[in-house]
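Dear colleague,

Please find below the sequence and structure that I am handing over to you. My notes on the ligand site follow.

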Amino acid sequence: MSKLFIVSTPIGNLGDITLRSIEVLKSVDLILAEDTRTSSKLLKHYNIDTVVESFHMHNEHKKLESIIKKLRDNREIVLISDAGTPGISDPGFLLVRECIKNDLEVECLPGPTAFVPALVSSGLPTDRFSFEGFLPVKKGRTKRLKELSDQTKTMVFYESPHRILKTLKDFSKYFNDESQISISRELTKLFEETFRGTIKDSIEHFEKTKPKGEFVIVLSPK
Ligand code: SAM
């Protein structure tokens, strides 16, 4: 039966993949991968020899029609991204929407994503939160920060090492710089660590210690 599976892949530690994800990756007709070279490491590790094609932000519009056709022809297809859950700050949304429009079945298997471990280990309220992903780099950045300054839920951001200090400095402008923040880096990897303190403390910390790796920022509302 035709189906699009969304499968989450490890965010660092190769062991973080579910047994069912491996079974599905082995049994389908085709794997769509954001970067076929990046995913080949994981697929080799688990002896998965399913055919792999690329599906990324630069070709997703172009490939939609042919993927829908394959699904209509009763194929089973898996979408994976470089790390974590497809559709979470990664390609996926367009394809899922198109499948639903075409009455094709979609199943998302639960699995790794970076924001959940960062949020849960932050010690900040988890009952209500808003996932903000990456802040706009230029256009729309100020507007978004102004909107968020009224937020009443815990906020979760993704950020790169090059921009994190700028983002923390922007937070100190739009939020109270005594607000609690938790910054997790390199989750599930060798140099995993979490900084917890105020926005002000975090700026001092990253001015002393050069930010390296991948970051998730969890911020307390005002
Ligand atoms: N789809 C992924 C997910 O489900 O989390 C997110 C992909 S997005 C392109 C990459 C961003 O996710 C990084 O810039 C970082 O903010 C966050 N991220 C991914 N892996 C991480 C890790 N091991 N530790 C901390 N942050 C991570």
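The domain bounds used here come from an automatic or database domain assignment. With those bounds, the shell around the ligand draws at least three residues from domain 1 (3-108) and at least three from domain 2 (115-219). Please bear in mind that this is a predicted model.

The ligand has 18 residues around it, and those that come nearest are Ile88, Asp90, Thr113, Tyr158 and Phe215. Sorted by class, the shell comprises nine nonpolar, five charged and four polar residues.

A polar backbone atom of Ile11 lies 2.9 Å from a nitrogen atom of the ligand. For Ala83, a backbone N or O atom is 3.1 Å from a ligand nitrogen atom. Thr85 places a polar backbone atom 2.9 Å from an oxygen atom of the ligand. As to exposure, the ligand on its own would expose 570 Å², of which the protein buries 90%.

With regard to location, the largest pocket is the space that the ligand takes. Two elements, β7 (154-159) and β10 (215-219), each give two or more residues to the shell around the ligand.

With kind regards

Notes. Residues numbered from 1 in each chain as written. Predicted model: local features only at pLDDT ≥ 70, side-chain atom pairs only at ≥ 80, totals over all residues. Heavy atoms only, no water. Near = heavy atom within 4 Å. Polar contact = N/O pair within 3.5 Å; in protein donor to acceptor, adjacent residues only side chain to side chain. Areas by Shrake-Rupley, 256 points an atom, 1.4 Å probe, with all protein chains shown as cover. 1 Å grid on protein atoms, 1.4 Å probe; cavity = no way out; pocket = protein on both sides within 12 Å on 5 of 7 lines; lining within 4 Å. Sits in = over half its atoms within 2 Å of the grid points. Helix = DSSP H or I, 4+ residues; strand = E, 2+ residues; numbered from the N terminus. Nonpolar A, V, L, I, M, F, W, Y, C, P; charged D, E, K, R; others polar.
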